[in-house]
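Please read it alongside the sequence and the model.

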Amino acid sequence: MTQDDNRGGQPPQEPPKRGSMRFQDETTQARQPSLAEQRARQQALADQERQEALAAEAARAAEKKTSTKKKLLIGTGVTVGLVGLVATFYTVAKPENVTAVCTTKDEIVDNDQNCDENYVRSHGGYSSGGFFFIPIGGIGGPMQSYRYNYGGSGAIGQRVSGGSYDPPSSRANVSTKSGKTVQRGGFGISGKSGSGGSGKSGGS
């Protein structure tokens, strides 16, 4: 068996040549930018400087606004505090006016004199715990009790409407419809009766 021998035949093909690269040496000079490129670069620098200036101005404006807002808040807080303090002072200093109505134990409006301690004592009665006791039909008779209703209303003989049997604050000015002072307000100090009666006549 014979083998083919290529030695005497055609020469082998050469491999394809790869691309070549050119290198710049130190003698190569860089290409100068064109006029359009120079203008574009200058415009970019100018835009950047403008943006930085605007950002700095915005930061200064924001800081100034924050400082002004803080000052306004502080001033408003001080003003509100002073107004509240003054309002509280006048609320405490100015007494409330309350009308007292003399009623029976059945809550029927009666004559104011039946809740006047001087009148009650002069007719053989007495007062205790905010109640006034007067004997019916003269000394020695059965007792009829009376007491003040504060803030209520109604004509004599009618059931009292509204109000409370709890005495109001000592700051209140309490008086009857007839003008008798039951309690004169003023920081916890009660005054004397304006018609010769006792000073503070309490409720239940």
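Cys102 is buried, with a relative accessible area of 0%, where buried means under 20% relative accessible area, exposed over 50% and partly exposed in between, with a 1.4 Å probe and protein chains only. The model is predicted, so local features need pLDDT of at least 70 and side-chain atom pairs count only at pLDDT 80 or more, while totals for chains, interfaces and linings use all residues. Residues are numbered from 1 along each chain as its sequence is written, and side-chain values use heavy atoms, with hydrogens and water left out.

**Disulfide**

- Cys102 forms a disulfide with Cys115, the sulfur atoms being 2.0 Å apart; the criterion is a pair of cysteine sulfur atoms within 2.5 Å.
- The pair links distant parts of the chain, 13 residues apart: Cys102 lies in strand β1, and Cys115 in the loop between β1 and α2 (117-122).
- Helices (H or I, at least four residues) and strands (E, at least two) are DSSP runs, numbered from the N terminus.
- The link of Cys102 and Cys115 is right-handed, with 80 degrees about the S-S bond.
- Cys115 is buried as well, with a relative accessible area of 0%.
- The count by this rule comes to 1 disulfide.

**Strand β1 and its partners**

- Of the 8 residues of β1, 6 are buried, so the strand is largely enclosed by the rest of the structure.
- β1 (residues 97-104) runs antiparallel to β4 (residues 143-150), joined by 5 bridges; two strands pair if DSSP finds at least two bridges between them.
- Ala100 has Tyr150 of β4 as its bridge partner, and Thr104 has Tyr146 of β4.
- β1 pairs in the parallel sense with β5 (residues 173-176) over 4 bridges, and Val98 stands opposite Val174 in β5.

**The sheet**

- The open sheet has 6 strands in the order β2-β3-β4-β1-β5-β6, with mixed pairing.
- β2 (126-128) and β6 (181-183) are at the edges with a single partner strand each, so one side of each is left without a neighbour in the sheet.
- Neighbouring strands are turned by 30 degrees against each other on average, direction ignored; axes are lines fitted to C-alpha atoms, for helices over the stretch in contact, and angles run from 0 to 180 degrees between N-to-C directions.

- β2 and β3 (residues 131-135) pair in the antiparallel sense over 3 bridges, and the bridge partner of Ser128 in β3 is Phe131.
- The hairpin of β2 and β3 has 2 residues between the strands, and Gly129 takes a positive phi near 60 degrees there.
- β3 and β4 pair in the antiparallel sense over 5 bridges, with Ser145 in β4 as the bridge partner of Phe133.
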